[in-house]
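Subject: Structure handover

Hi,

Here is the structure I promised to pass on to you. Have a look at it first, and then read on for what turned up around the ligand and in the sheet.

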Amino acid sequence: MEKQLEALKQSFCEELGQAHRAEDIEPMRVKYLGRKGALTSILRQMGTLGPEERPRFGALSNKLKNFIEQALADRLDELKRVSTAGGVDVTLPGRTPRRGGIHIINSVISELEDIFMSLGFTIASGPEVEDDYHNFEALNIPEHHPARDMQDTFYFDKGILLRTHTSPVQIRVMEKTGLPVRIIAPGKVYRCDSDVSHTPMFHQIEGLWVEEGITLAHLKGVLYEFIHRLFGTDVPLRFRPSFFPFTEPSAEVDIGCIMCKGKGCRVCGNSGWLEILGSGMVDPNVYKYVDIDPESVTGFAFGLGIERIAMLKYGIDDIRLFYENDLRFLSQFA
Ligand code: DAH
């Protein structure tokens, strides 16, 4: 019978360890000490004992009864205290918070901002929901220009759209702050396009420097410095004549392929060159839209895609990886 008491004590203790709510305590009291409880049913067998054994057994059972009562009261106290402490079970092991990181696109943007700020540029921004005037018209993109095609542009009603590039920030800054202007404008842009190298939302950085005496040489100087700081001084640049409605003359800038060092590979389509940005001298027509006398100043502008830079810098071959939120991908750059 002593063994039974011992076993009872052990199963009680185990059960008590599992009691995590104040409501668990009363049922346990009934189970162990109640009229039909476990201890009571052991005591009922007392009659089978000889008179010499009874006092010892009685004392042992009493001791166990007191132990159970005290343990239940203590545990109840503790559980009540925990629940008034805001439901925090201080006995549970702590949770380690997951550490977030800066998204690779944001960290590339910061890197580019640092480079341009050190060259005297300040950072400007504009709305992502733009109007037709700033996104197209004031940039010398006339109404029937293919860039306005419904397939590329996300339109709302009445001449409102999601900006298709960061170039409208050029217009907004010149309208607002006057001259001189030396800004970069990083931000989100939107086009109705989706495949391994296009996502409907992506990022660009726009650059604009307008001031008396600015020439193509300044444009080249800034872009050389920028590319060399980003990809290293051994990377060659090539300015290729091109066309943009808001610059004249215009040039696209290629860099020697950083994957194959110009030898020709899949990434550069065997040409040895990678197209990296668009640029040019601000078209005099653009100044007219922002009330600046085209005879009084000159300036240059450029625009580039951030995702493309990030893909080249880190050897990423699918643009969609940036936006699938797969932590296995993102945490490599955090
Ligand atoms: N806005 C152009 C685009 O999205 C990029 C661009 C080209 C911006 C030439 C410029 C520029 O400022 O001068 O394709």
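A pocket here is an open set of grid points with protein on both sides within 12 Å along at least five of seven lines, and a molecule sits in a pocket if more than half of its atoms lie within 2 Å of the grid points. By that definition, the ligand sits in the largest pocket. Please keep in mind that this is a predicted model.

Which elements give two or more residues to the shell around the ligand? They are β5 (201–211), β8 (273–282) and β9 (298–305). The shell is made up of 9 polar, 4 nonpolar and 2 charged residues. Of these 15 residues, the nearest are His 165, Ser 167, Arg 191, Gln 204 and Glu 206.

- The side chain of Ser 167 has an N or O atom 2.9 Å from a nitrogen atom of the ligand.
- Gln 170 places a polar side-chain atom 3.1 Å from an oxygen atom of the ligand.
- Ala 301 has a polar backbone atom 3.2 Å from an oxygen atom of the ligand.

The protein buries 88% of the 350 Å² that the ligand exposes when taken alone.

Now to the sheet. Its 7 strands form an open sheet with mixed pairing, in the order β1-β4-β5-β9-β8-β7-β6. The edges are β1 (122–123) and β6 (237–244); each has a single partner strand, so one side of each lacks a neighbour in the sheet. Strand β4 (residues 181–190) pairs with β5 in the antiparallel sense, over 10 bridges, and Val 181 stands opposite Val 210 in β5.

Technical notes:
Residues numbered from 1 in each chain as written. Predicted model: local features only at pLDDT ≥ 70, side-chain atom pairs only at ≥ 80, totals over all residues. Heavy atoms only, no water. Near = heavy atom within 4 Å. Polar contact = N/O pair within 3.5 Å; in protein donor to acceptor, adjacent residues only side chain to side chain. Areas by Shrake-Rupley, 256 points an atom, 1.4 Å probe, with all protein chains shown as cover. 1 Å grid on protein atoms, 1.4 Å probe; cavity = no way out; pocket = protein on both sides within 12 Å on 5 of 7 lines; lining within 4 Å. Helix = DSSP H or I, 4+ residues; strand = E, 2+ residues; numbered from the N terminus. Nonpolar A, V, L, I, M, F, W, Y, C, P; charged D, E, K, R; others polar. Pairing = 2+ DSSP bridges.
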